[in-house]
Amino acid sequence: MKRIALIAGLVLATFSIALAGNITIKGSDTLVRLGQKWAEEYMKKNPGSVIQVSGGGSGTGIAALINGTTDICESSRPMKEKEFKLAQDKGITPHEVAVALDGIAVFLNDKNPIAELTLVQLKGIYTGVITNWKDVGGPDRKIILYGRENNSGTYAFFKEHVLNEEDYAEQTQTLPGTAAVVNAVSKDEWGIGYGGIAWAKGVKDFAIKKDDTSQAILPTMESVSNGSYPISRELYWYFNGVPTGELKALVNWVLSPEGQKVAEEVDYIPLPKDIAEKNMIK
Amino acid sequence: MDKYRFKPKSRIREFIGEKFIALNALAALIGILLIFIFIFKEAVPIFSDREVQEEASLSKMLYKQVYYEGREPKWSWQPNSTVPKYSLLPLFLGTIKAAIVAMLFAVPLAVGAAIYTSEFASRRMREIIKPVIELLAGLPSVVLGFFALVVLATALQKTFGFTYRLNAINAGIALGIAVIPIIFTVAEDAMNAVPKSLRDAAVALGANPWQVSFTMVLPAALPGIAAGVVLGFGRAIGETMIVLMASGNAAIISASFTESIRTFSATIAAELAEVVFGSPHYNVLFFIGTLLFIFTFVINLGGDFILNRLKKKLQGRS
């Protein structure tokens with residue numbers, strides 16, 4: 001009798017842990033650090049919930065959502081029409097929730113004397129039209145381009161907003177994550193790279209001008225929040241349908257002042273308070 | 001003979017046992033065949049589907065294309081652009097460049113080590129060197145790639161003043177390190193397999209140890225060394241993680257080894273995760289996979305064939 005009770009107890013215990021819901025989050029490498037921090041904090045507050053976070057790029061996350069292999073997809077770019085349609089064909093209804101803000105910083109090596117660039121110059125550099133630093137006011141050295149692979153949301157966003165959908169130069173070396181881009185630029189005197197601001201440690205903070213006449217803005221918490229930094233974007237979580245239960249609790253916590261503070265602690269930009277409240281699931 | 005006939009019960013057991021083991025061996029063969037069929041099946045639309053051919057046909061993958069009005073035709077790999085470009089030439093060139101650097105780096109070191117270990121080293125040295133080099137084979141390729149990305153690239157740039165930090169030479173040297181154990185093992189075995197009688201004959205004719213090695217043993221072991229090189233080359237062509245991290249992944253066409261490269265394997269690894277299932281891009285990636293499969297299969301088959309011939313020759317059966 002005792003043994004049966006023990007076994008039944010164990011089975012129930014494991015069952016309840018399983019029922020407590022295993023949440024998978026996949027996608028953007030830009031967001032992955034934030035996702036992991038959120039998961040950590042949430043699991044501390046709610047022991048019993050298990051959240052697994054992994055990266056792979058926004059494109060990978062979206063593909064996973066469409067294929068039904070993840071609960072939440074992290075993406076640093078909005079889903080494209082094509083992807084929406086593909087999801088619907090497979091019976092998935094993507095539901096978008098903006099969870100944080102981010103600016104795309106341009107990284108330069110500490111030793112590079114250039115202090116600011118206009119968006120037009122940035123486009124010229126990354127499309128391969130401008131190939132030497134002397135054409136933008138620096139010394140006579142070849143510009144070494146570093147970028148992301150084409151499954152990256154950061155790659156897609158940069159292409160859309162800075163390159164206006166033109167192709168990247170063929171010489172752009174592709175690296176598997178913003179951390180790798182930062183690492184490469186920090187080791188290469190004449191390199192240039194781009195990526196989420198949260199990753200900009202060990203390289204120069206760099207100011208971007210909207211055009212020749214406007215002021216050069218540094219990517220900081222305030223400038224991204226108030227929209228004055230020219231290359232800023234929202235970071236998204238995508239669900240299959242409107243989230244309920246565990247997922248709803250998670251996303252509402254993320255959008256709460258507590259969750260947004262966690263974002264700030266890891267150098268991401270929190271959403272303005274009213275927008276965060278608006279995004280919560282009722 | 002009658003006394004030795006086995007009992008019927010054990011005969012059945014033996015029959016089943018034999019067939020079971022044969023099945024296992026066959027399973028491996030069938031497995032490889034099925035893998036090839038699956039990969040090739042996903043690449044077939046390139047040859048059969050009209051719509052897919054509009055975007056990525058065999059000729060589009062091989063010849064220069066005019067992608068934009070008024071610009072020159074060129075070879076370009078940019079599948080995720082508004083005008084998708086699927087030229088395989090930059091990728092092929094990248095794969096070959098990395099493999100060449102790897103071979104140039106690995107062969108002298110590995111064959112030199114093999115000659116030293118089998119001919120000149122004392123027993124004590126041999127017992128140390130052989131396991132250590134074979135330990136190198138156990139090094140995960142991602143660790144080598146990481147080492148090349150962080151340490152080797154900077155060291156090479158400081159010594160040689162490369163413009164590009166991540167280039168074919170960087171990836172090639174790391175690849176070479178991965179390939180050395182393969183060449184070393186096969187070459188060393190080949191040299192050890194040379195019969196003592198050959199060496200004795202040379203000594204009897206008055207040769208010193210140096211002459212014995214280079215005029216007698218090395219030529220006899222040459223097919224084996226060649227097999228090792230061929231196997232190493234096959235590994236260098238197919239290796240993914242090292243080139244993914246250390247080569248810069250830029251698909252450019254250039255004769256210079258100091259510029260970035262993009263290889264077939266790195267392309268598949270980097271792009272397959274996000275590609276839309278069933279799209280032309282997807283088909284092309286599987287086509288590249290088929291190519292890699294065939295390349296490495298043929299190369300490894302060649303290596304094994306040479307090795308077999310060597311064994312037969314040394315045993316006096318050819």
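Two residues are in contact if their C-beta atoms, placed from the backbone, lie within 7 Å. Keep that rule for the whole tour.

This is a predicted model, in which local features need pLDDT of at least 70, side-chain atom pairs count only at pLDDT 80 or more, and totals for chains, interfaces and linings use all residues. Residues are numbered from 1 along each chain as its sequence is written, while chains are lettered from A and ligands numbered from 1 in the order in which they are written.

**Stop 1: the interface**

Show chains A and B together. The predictor gives the complex an ipTM of 0.73 and a pTM of 0.78. Here 21 residues of chain A are in contact with 21 residues of chain B. On chain A, select α3 (58-66), β7 (173-175) and α7 (178-187); each supplies at least two residues of the side that touches chain B. Helices are DSSP runs (H or I, at least four residues), as are strands (E, at least two), numbered from the N terminus. α3(A) gives the most to this side, with three residues.

**Stop 2: a helix pair in chain B**

Chain B averages 88, and 97% of the residues score at least 70.

Now select α5 (residues 89-120) and α10 (residues 209-238) of chain B; their axes come within 10 Å and cross at roughly 145°. Axes are lines fitted to C-alpha atoms, for helices over the stretch in contact, and angles run from 0 to 180 degrees between N-to-C directions.

Finally, show side chains. The α5(B) residues that meet α10(B) include B:Ala102, B:Met103 and B:Val107. Among their α10(B) counterparts are B:Ile225, B:Val229 and B:Phe233.

Terms used: pLDDT = per-residue confidence, 0-100.
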